[in-house]
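Have the sequence and the model side by side.

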Amino acid sequence: QFDLFRIIKFGVVGSLGMVVDFGLTYVCKETLRINKYLANAIGFTAAVVFNYVLNRYWTFQSNGYVPVQLARFFLVALVGLGLNTGIVYLLALRRVNFYLSKAIAVALVFFWNYSANAFFTFAR
């Protein structure tokens, strides 16, 4: 079922998650002097957990079993990360600007993430 308000809420949560990801990555790398790849992994993981909690309670108002939902949410996020990277790579082969490629990838993967979470992670 198409629910524009839910899609907007999902986008708001994703935007806030991006702030968590970048903010925590920055603190870990610049303040705590953690290796940049580990800092990136910490930021990504924290953002996924943050997004899961907000999407569970605000976007989808779900009461499903948390361990199963969280595992599904992580799986969807990892597939989304792979799709994002693949799209950026393919566009780079066509000499598309990196940041334009990333913006296109984010827009396309948003629909994957929303659909997979609506019909798999938080399905009722």
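Start at A77, which touches F44 and V48, leaving out residues up to four places away in sequence. Contact here means heavy atoms within 4.5 Å. This is a predicted model: local features need pLDDT of at least 70, side-chain atom pairs count only at pLDDT 80 or more, and totals for chains, interfaces and linings use all residues. Residues are numbered from 1 along each chain as its sequence is written, and side-chain values use heavy atoms, with hydrogens and water left out.

A77 and V48 belong to the largest nonpolar core. Its 10 residues are I7, F10, V48, Y52, F60, F73, A77, Y114, A118 and F122. Such a core is a set of buried Ala, Val, Leu, Ile, Met, Phe, Trp, Tyr and Cys residues joined through side-chain atoms within 4.5 Å. Buried means under 20% relative accessible area, exposed means over 50%, and partly exposed lies in between (1.4 Å probe, protein chains only). Two or more core residues come from each of α1 (4-31), α2 (36-59), α3 (66-93) and α4 (98-121). Helices are DSSP runs (H or I, at least four residues), numbered from the N terminus. A second, separate core has 5 residues, including I87, L91, A105 and V109. In soluble globular proteins, nonpolar side chains tend to be buried together.

Now follow α2. N35 sits at its start, where a side-chain oxygen of N35 reaches to within 2.8 Å of the backbone nitrogen of Y37. Further along, the buried residues of α2 are A39, G43, A47, V48, N51, Y52, N55, R56 and T59. They pack against α1 and α3. An α-helix has 3.6 residues a turn, so residues three or four places apart point the same way. After α2 comes Q61, with a positive phi near 40°.

Which residues does N55 contact, beyond its neighbours within four places in sequence? They are F10, V13, F60, Q61, F73 and F122. N55 lies in helix α2. N55 counts as buried because its relative accessibility is 2%. Its side chain also makes a polar contact with the side chain of T59 (2.8 Å). A polar contact is a pair of N or O atoms within 3.5 Å; within protein, one must be able to donate a hydrogen and the other to accept it, and residues adjacent in sequence count only if both atoms are side-chain atoms.

Turn to the surface. F2, L4, I8, V12, L16 and W58 form a nonpolar patch there, with about 600 Å² of accessible area together. Patch residues have over 30% relative accessible area and no salt bridge; like charges are joined within 9 Å, nonpolar side chains (Val, Leu, Ile, Met, Phe, Trp, Tyr) within 5 Å. Accessible areas come from the Shrake-Rupley method with a 1.4 Å probe, and for residues only the protein chains shown count as cover. α1 gives the most to the patch, with 4 residues. V12 lies in helix α1. V12 is partly exposed, at 36%.

Finish with the charges. The whole structure holds 2 salt bridges, each a side-chain nitrogen of Lys or Arg within 4 Å of a carboxyl oxygen of Asp or Glu. One joins K29 and E30 (2.7 Å, N to O). The other joins E30 and R33 (3.9 Å, N to O). Shared partners link K29, E30 and R33 into one network. K29 is partly exposed at 34% relative accessibility, E30 is partly exposed at 30%, and R33 is exposed at 65%.
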